[in-house]
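Here is a short briefing to read alongside the model.

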Amino acid sequence: MTYIGNIWNAKVVESNGQNYIKNMEYNSDIQPNSCVNFGYTLANASEIPDSMTTCQSRVDKENGYTVDLQITSDWGSGFNGEIVITNQTDNPIENWELTFDSNFTITNSWAASIVNSIDGIYTLKGTYNKIIYPNASVNLGFSGAKNDEANISNILLTEVIIGNATPNIPDEPMTKVDSCLVIGTMGSSISS
């Protein structure tokens with residue numbers, strides 16, 4: 001049996017009976033024209049894998065979480081607030097993105113990056129808090145401008161999962177990856 005050991009900048013995880021090399025939290029986003037390196041040693045290997053493939057999917061989180069808007073200070077036309085995402089499951093929510101409709105404008109944000117903002121529809125993603133651990137919460141602080149009582153609606157939370165994806169073998173280098181790599185059986189082709 002082949003053993004992987006001394007892995008760096010990644011970790012080996014198991015999902016649905018398949019082993020994966022998964023990036024660490026600190027290197028989960030690969031910026032355009034950049035790369036992430038990882039390495040490992042093999043023991044009892046008759047040959048080394050000749051290819052690896054990414055195997056991640058961004059999926060809607062159907063249940064097991066709550067999202068609440070909390071106003072921490074209000075001065076009429078402006079306010080400070082927090083959006084609190086609570087994971088109510090025993091599994092982490094990894095590399096999350098939150099999309100919602102709002103009746104306010106975010107003027108400053110901390111603990112989340114604004115991925116997209118069009119006509120009061122925002123998509124936020126975690127910065128240092130990309131993982132919402134089991135039975136825990138993340139608080140996304142921000143300042144906003146408003147004309148009415150602030151609220152959010154049409155909430156959608158997505159997460160990145162491994163193991164249930166169709167292999168993605170790009171013709172060109174990838175520009176962004178929240179990824180893992182499938183470890184194939186020695187001497188066989190790599191697939192998810």
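**Salt bridges across the chain**

Arg58 and Glu97 form a salt bridge, with their closest N and O atoms 3.8 Å apart. Arg58 sits in strand E5 (residues 56-60) and Glu97 in strand E9, so this pair ties together parts that are 39 residues apart in sequence. Please keep in mind that this is a predicted model, where local features need pLDDT of at least 70, side-chain atom pairs count only at pLDDT 80 or more, and totals for chains, interfaces and linings use all residues. Residues are numbered from 1 along each chain as its sequence is written, and side-chain values use heavy atoms, with hydrogens and water left out.

**More on the charged pairs**

- Side chains of opposite charge can pair when their charged atoms come close.
- A salt bridge here is a side-chain nitrogen of Lys or Arg within 4 Å of a carboxyl oxygen of Asp or Glu, and the count by this rule is 3.
- Within the pair described above, Arg58 is partly exposed at a relative accessible area of 33%, while Glu97 counts as buried at 16%. Buried means under 20% relative accessible area, exposed over 50%, and partly exposed in between (1.4 Å probe, protein chains only).
- Lys61 forms a salt bridge with Glu159, and the closest N and O atoms are 3.7 Å apart. Because Lys61 lies in the loop between E5 and E6 and Glu159 in strand E15, this pair ties together parts that are 98 residues apart in sequence. Both Lys61 and Glu159 are buried.
- Asp74 forms a salt bridge with Lys146, where the closest N and O atoms are 3.3 Å apart. The pair links distant parts of the chain, with Asp74 in strand E6 and Lys146 in strand E14, 72 residues apart. Asp74 is partly exposed, with a relative accessible area of 48%, and Lys146 is buried at 11%.

**The four-stranded sheet**

- An open sheet is formed by 4 strands in the order E6-E7-E14-E10, with antiparallel pairing; two strands pair if DSSP finds at least two bridges between them.
- E6 and E10 stand at the edges with a single partner strand each, so one side of each has no neighbour in the sheet.
- From one strand to the next, the twist averages 30° (axes are lines fitted to C-alpha atoms, and angles run from 0 to 180 degrees between N-to-C directions).
- E7 and E14 pair in the antiparallel sense over 9 bridges, and Ile85 stands opposite Val138 in E14.

**The nonpolar core**

- The largest nonpolar core has 21 residues, and Ile83, Ile85, Trp96, Leu98, Phe100, Phe104 and Leu140 touch the most other members. Such a core is a set of buried Ala, Val, Leu, Ile, Met, Phe, Trp, Tyr and Cys residues joined through side-chain atoms within 4.5 Å.
- Elements giving two or more residues to this core include strand E7 (78-87), strand E9 (97-102) and strand E14 (137-146).
- Leaving aside residues up to four places away in sequence, Ile83 touches several residues, among them Val67, Leu98, Phe100, Leu124 and Phe142.

**The whole protein**

- The protein has 0 helices and 16 strands (DSSP runs numbered from the N terminus, with at least four residues of H or I for helices and at least two of E for strands).
- Of the 192 residues in the protein, 40% are buried.
- Among contacts (heavy atoms within 4.5 Å) between residues at least 6 apart in sequence, 73% join residues at least 24 apart.
- The accessible surface comes to about 10800 Å², of which 46% belongs to carbon and sulfur atoms; this area comes from the Shrake-Rupley method with a 1.4 Å probe.
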